[in-house]
Amino acid sequence: MAAAGVTTHPLPLPPSADPAYFNSFGAEVRGLDPGNLTPEQFALVQDLLYKHSALLFRNATLSPEQQYKLTKAFDPSSESYGHGNNKTGETKKSILHPDLKTIPRQPQVQLIGNGLVLEHEGLVNAQLKHPHHRTFHKTVIPEEDDLKYTRFYRWHIDAALYDLSPPKVTTLYALTVPQGDGQLCRYDDGTGDELPVPLGTTAFVSGATMFDILPKELKSLAVRTRVKYAPHPYVWMAPAHALSTGLGLETEDLELPLKELPQWSEDRVKVLPMLWKNPVTGKLHFQVHPCGVQELLIAPLPAGAEKEGALYPAGAHLTDLKEVRALVYKMERPAIAPKLVYPHDWSEKDLVIFHNRGVLHSVVGAFAKDQVRMFHQCNLAASDDPDGPSEEDVKQYA
């Protein structure tokens with residue numbers, strides 16, 4: 001599928017990235033105006049997105065209306081913002097609450113960033129706050145090192161994970177990007193891993209790579225597992241602390257008791273496959289929001305499968321949070337190794353469209369109070385839940 005004058009180019013990988021893992025991940029698209037795509041051009045962009053997981057358009061001009069229209073085109077019957085139009089699940093207790101400001105005339109588009117924005121698209125005196133790991137992690141980088149070193153704030157998928165279906169895509173459009181020295185992202189988990197990052201980067205990893213690099217017994221487990229998320233997970237997890245890698249939570253029994261959550265019902269709780277099937281390539285992407293996970297439901301090995309070395313061959317229902325988290329962490333941590341992370345170096349007017357059902361991403365970095373950063377973000381709760389592995393996939397990997 002090609003259109004006249006449209007070219008694709010590899011994303012600019014930093015020296016830390018291993019190009020062998022980025023053959024299909026990420027593409028810069030030139031020769032298209034993403035705010036004014038014809039149906040044929042959109043079909044091309046959609047195809048490219050599912051094949052490459054993240055697309056970059058430089059020097060894009062995009063109004064909030066155009067950004068909403070573009071985002072919606074990937075899922076025409078989607079309507080509300082991915083976390084619901086009240087964004088935070090009817091409550092200010094949600095950990096998302098401080099990070100989002102709605103564009104009044106296009107409520108599905110959020111203004112995110114840092115610093116005081118006096119006037120913007122109908123918003124007045126909007127105080128933006130770049131999420132900082134010290135508000136969320138159990139351990140923190142000392143104050144004196146704060147602007148030199150940073151952490152992955154929270155690896156996640158953009159999704160309410162309760163009642164609403166995970167958005168198919170997220171669009172991120174950079175309006176104001178502060179300039180400054182890069183920072184060193186520390187994992188602080190005993191591995192010595194660290195990653196040089198541009199100031200205020202958004203870090204991406206491929207869910208397909210996350211699955212591909214797993215050993216056989218964990219691939220078998222992944223293909224058989226469904227993930228049950230907590231009700232109102234962002235309210236539930238608000239009192240808890242994150243691991244130093246931003247890849248999930250410490251288990252300290254701090255989650256809000258279920259009876260103290262906003263009203264919820266079992267039929268709205270999300271139980272989703274651990275692996276989500278790419279609708280274009282057929283590949284399996286390991287897509288688990290590590291902070292929101294509550295239980296794992298593991299199916300038994302299919303008849304005739306090799307039991308030697310298999311984990312939970314008879315299936316299992318894991319409800320112990322510490323055990324659940326440890327297992328998910330063991331499966332996800334290899335894929336956030338420095339060589340597998342794409343930290344995007346933002347320029348003003350960059351538009352990044354990412355396949356939210358195919359990648360995990362994280363906010364990174366620390367800004368000084370007076371550094372102003374403005375982005376428009378849009379994602380829409382999907383019209384359906386993601387498909388999991390097919391019968392053939394289960395036979396192949398289990």
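Me: Which residues does Thr209 touch, not counting residues up to four places away in sequence?
Reply: Thr209 touches Tyr21 and Leu340 once residues up to four places away in sequence are set aside, and they count as touching because contact means heavy atoms within 4.5 Å. The model is a predicted one, in which local features need pLDDT of at least 70 and side-chain atom pairs count only at pLDDT 80 or more, whereas totals for chains, interfaces and linings use all residues. Residues are numbered from 1 along each chain as its sequence is written, and side-chain values use heavy atoms, with hydrogens and water left out.

Me: Why is Thr209 called buried, and in which helix does Thr209 lie?
Reply: Thr209 has a relative accessible area of 14%; buried means under 20%, exposed over 50% and partly exposed in between, with a 1.4 Å probe and protein chains only, so Thr209 is buried. Thr209 lies in helix H3, residues 207–212, where a helix is a DSSP run of H or I with at least four residues, a strand is a run of E with at least two, and both are numbered from the N terminus.

Me: What makes the pair Glu121 and Arg105 a salt bridge?
Reply: The side chains of Glu121 and Arg105 come to 2.6 Å, N to O, and a salt bridge is a side-chain nitrogen of Lys or Arg within 4 Å of a carboxyl oxygen of Asp or Glu, so the pair qualifies. Because Glu121 lies in the loop between strand E5 (106–120) and strand E6 (123–128) and Arg105 in the loop between strand E4 (101–103) and E5, the pair ties together parts that are 16 residues apart in sequence. By this rule the count comes to 22 salt bridges.

Me: Why are Glu121 and Arg105 placed in their accessibility class?
Reply: Glu121 has 29% relative accessibility, so Glu121 counts as partly exposed, and Arg105, with a relative accessible area of 44%, is partly exposed as well.

Me: What does the salt bridge of Lys138 with Glu252 tie together?
Reply: The closest N and O atoms of Lys138 and Glu252 are 2.7 Å apart, and the two form a salt bridge. Since Lys138 is in the loop between E6 and strand E7 (149–150), and Glu252 in the loop between helix H5 (233–236) and strand E13 (271–273), the pair ties together parts that are 114 residues apart in sequence. Lys138, at 45% relative accessibility, counts as partly exposed, and so does Glu252, at 27%.

Me: Are Arg151 and Asp188 buried or partly exposed?
Reply: Arg151 has a relative accessible area of 3%, so Arg151 is buried, whereas Asp188, with 36%, is partly exposed. Arg151 forms a salt bridge with Asp188, their closest N and O atoms being 2.9 Å apart. This pair links distant parts of the chain, 37 residues apart, with Arg151 in the loop between E7 and strand E8 (169–176) and Asp188 in the loop between strand E9 (183–186) and strand E10 (194–197).

Me: Why does Lys168 count as buried, and which residues does Lys168 touch?
Reply: Lys168 has 16% relative accessibility, so Lys168 counts as buried, and its place is in the loop between E7 and E8. Not counting residues up to four places away in sequence, Lys168 touches, among others, Asp75, Arg357 and Asp384.

Me: What makes domain 1 and domain 2 two domains, and how many salt bridges are counted between domain 1 and domain 2?
Reply: The domain assignment gives domain 1 (21–204 + 342–379) and domain 2 (209–334 + 388–397), and such bounds come from an automatic or database assignment. Between domain 1 and domain 2 the count is four salt bridges.

Me: How much area is buried between domain 1 and domain 2, and what is meant by buried area?
Reply: Buried area is the accessible area (1.4 Å probe) that two parts lose on being put together, summed over both, and between domain 1 and domain 2 this area is about 3,400 Å², of which carbon and sulfur atoms give 63%. In domain 1, Lys138, Leu161 and Tyr162 lose the most area to domain 2, together 23% of what that side buries. The contact involves 44 residues of domain 1 and 47 residues of domain 2.
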